[in-house]
Amino acid sequence: MMNGVMHRGNLTYCFLLAGTGFYIVPYILKFMTRRRQDRLDKSLPDVLDLLIVCMEAGLSLQATINRVSDEVKSISTDMYRELQLTNAELRTGISREVALRNLGERTGVQNVKALVGLMIQSDRMGASIVQALRTHASFLRIQRSQKAEEKAAKLPVKILFPLLLFIFPAIFVVVMGPAAIQISKSTLFAGS
């Protein structure tokens, strides 16, 4: 009898762990993916600047991607890996358009997808990729400053609750404490 109860307990424990693992893992994966995409998005303006400099120096797109990936390795390992993979695809003979589209799809970052689309369009039309990159870099800088302004505008609302919960009670004690002590002393002496 006791053995059957322990067996049900173990079975319940196993189902509980399996269910937890089944539902928790996708959330952890989404969290890790979002963090990686944020890191890629933050490193994009630096990568764009390096791409512009290398292409203005006369390097081809493949040589530029190779050089930029080496330079960006210390700044963003995620971007380094993506650029290395794109460069490997270009070396194997995959067309520029497909390799760049793969870069945009792998990262899942909207700004990278826009950059890739811009580069592909410039390449198709025969326009200067450098000018397109420069325009996109200025757009990214404006977008970054707007996001910073938006976060700064939300800050007073976010700081209100910690201020009310932690700082105002301490100030209230410091300001009203001596007065309360004086009042209690005066009522104590008046009562004597």
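Glu 71 is partly exposed, with 39% of relative accessible area. Glu 71 belongs to helix H2 of a model that is predicted. The C-alpha atom of Glu 71 lies 31 Å from that of Ile 28, although the two residues stand 43 residues apart along the chain.

Another residue of helix H2 is Thr 64. Thr 64 has a relative accessible area of 0% and is therefore buried, since buried means under 20%. Once its neighbours within four places in sequence are set aside, the contacts of Thr 64 are Leu 51, Cys 54, Met 55 and Leu 59.

One of these contacts, Cys 54, is itself buried, at 11% relative accessibility. Cys 14, by contrast, is partly exposed. The number of disulfides in the structure is 0.

| Residue | Relative accessible area | Class |
|---|---|---|
| Cys 14 | 49% | partly exposed |
| Cys 54 | 11% | buried |
| Thr 64 | 0% | buried |
| Glu 71 | 39% | partly exposed |

The report now turns to the packing of helices. Helix H2 covers residues 61-72 and helix H3 covers residues 77-91; their axes come within 9 Å and cross at roughly 155°. Because angles over 145 degrees count as roughly antiparallel, H2 and H3 are roughly antiparallel to each other. Their crossing is left-handed. On the H2 side, the contact involves Gln 62, Ile 65, Asn 66, Val 68, Ser 69, Asp 70 and Val 72. On the H3 side, the partners are Met 79, Tyr 80, Leu 83, Gln 84, Thr 86, Asn 87, Leu 90 and Arg 91. By class, the residues of this contact comprise 7 nonpolar, 6 polar and 2 charged.

A second pair is formed by helix H4, residues 96-107, and helix H5, residues 110-125, whose axes come within 8 Å and cross at roughly 170°. H4 is therefore roughly antiparallel to H5. From H4, the contact draws on Arg 96, Glu 97, Leu 100, Arg 101, Leu 103, Gly 104, Glu 105 and Thr 107. From H5, Val 112, Lys 113, Val 116, Met 119, Ile 120, Asp 123 and Arg 124 take part. The residues in the contact of H4 with H5 are 6 nonpolar, 2 polar and 7 charged.

Conventions. Residues are numbered from 1 along each chain as its sequence is written. This is a predicted model: local features need pLDDT of at least 70, side-chain atom pairs count only at pLDDT 80 or more; totals for chains, interfaces and linings use all residues. Side-chain values use heavy atoms; hydrogens and water are left out. Axes are lines fitted to C-alpha atoms, for helices over the stretch in contact, and angles run from 0 to 180 degrees between N-to-C directions. Helices (H or I, at least four residues) and strands (E, at least two) are DSSP runs, numbered from the N terminus. Angles under 35 degrees count as roughly parallel, over 145 as roughly antiparallel, 65 to 115 as roughly perpendicular and the rest as oblique. A crossing is left-handed if the near helix is turned anticlockwise from the far one by less than a right angle, and right-handed if clockwise. Contact means heavy atoms within 4.5 Å. Ala, Val, Leu, Ile, Met, Phe, Trp, Tyr, Cys and Pro count as nonpolar, Asp, Glu, Lys and Arg as charged, and the others, Gly among them, as polar. A disulfide is a pair of cysteine sulfur atoms within 2.5 Å. Buried means under 20% relative accessible area, exposed over 50%, partly exposed in between (1.4 Å probe, protein chains only).
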